[in-house]
Amino acid sequence: MQYLLMIYRSEAELFKMNDADRQKMSAEYGTFTQSIIQSGQFKAGDGLQPSTTATTVRVREGKVLTTDGPFAETREQLGGYYLVEAKDLDAAIAIAARIPGAREGSIEIRPIMIYSPELVQARSGRA
């Protein structure tokens, strides 16, 4: 089963880090990423630009409304993600616990919703 592991941490704290600490954290992420690539658990993953670069989109009464920044003010911001393959939630938790950001922030785990082939075809207009 696939799980999305969303990495949350305080951007304010991240911006306070000195270059040496930032490089150390980057190396830890590199080591972690290589380990899940080698184990076959890695499907995708990336870091995200700061939440100040976000744009939130809503459609109300047929009108597209955009707002600069994230949807909600929070203490922690979404900073990146991993899409992984794991046999069950316990295995996904074990992977998430190894993500360097779990020590300072939090990792939200969500199972990926699996659609039937018929539904996928219907959604793509090939029914």
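Thr-53 is located in the loop that links strand 2 to strand 3; helices (H or I, at least four residues) and strands (E, at least two) are DSSP runs numbered from the N terminus. The model is a predicted one, in which local features need pLDDT of at least 70 and side-chain atom pairs count only at pLDDT 80 or more, whereas totals for chains, interfaces and linings use all residues. Residues are numbered from 1 along each chain as its sequence is written, and side-chain values use heavy atoms, with hydrogens and water left out.

The side chain of Thr-53 reaches the backbone oxygen of Pro-50 at 2.7 Å. Between Thr-53 and Gly-69, 16 residues apart in sequence, the C-alpha to C-alpha distance is 6.2 Å. Ser-51 lies in the loop between strand 2 (42-47) and strand 3 (55-60). With a relative accessible area of 14%, Ser-51 is buried (buried means under 20% relative accessible area, exposed over 50%, partly exposed in between; 1.4 Å probe, protein chains only). Not counting residues up to four places away in sequence, Ser-51 touches Glu-11, Gly-69, Pro-70 and Gln-77, contact being defined as heavy atoms within 4.5 Å.

An open sheet is formed by four strands in the order 2-5-1-6, with antiparallel pairing; two strands pair if DSSP finds at least two bridges between them. Strand 2 and strand 6 (106-111) stand at the edges with a single partner strand each, so one side of each is left without a neighbour in the sheet. From one strand to the next, the twist averages 20 degrees. Strand 1 (residues 2-9) and strand 5 (residues 77-85) pair in the antiparallel sense over eight bridges, and Leu-4 stands opposite Leu-83 in strand 5. Helix 2 (residues 19-38) packs on the sheet, where it touches strand 1, strand 2 and strand 5, and its direction makes about 20 degrees with that of strand 5. Axes are lines fitted to C-alpha atoms, for helices over the stretch in contact, and angles run from 0 to 180 degrees between N-to-C directions.

Tyr-29 is placed in helix 2 and counts as buried at 17% relative accessibility. The side chain of Tyr-29 reaches the backbone nitrogen of Gly-101 at 3.0 Å; the C-alpha atoms of these residues, 72 residues apart along the chain, are separated by 8.5 Å. Not counting residues up to four places away in sequence, Ile-99 touches Leu-5, Ile-7, Tyr-29, Phe-32, Tyr-82 and Ile-107.

Terms used
Polar contact = N/O pair within 3.5 Å; in protein donor to acceptor, adjacent residues only side chain to side chain.
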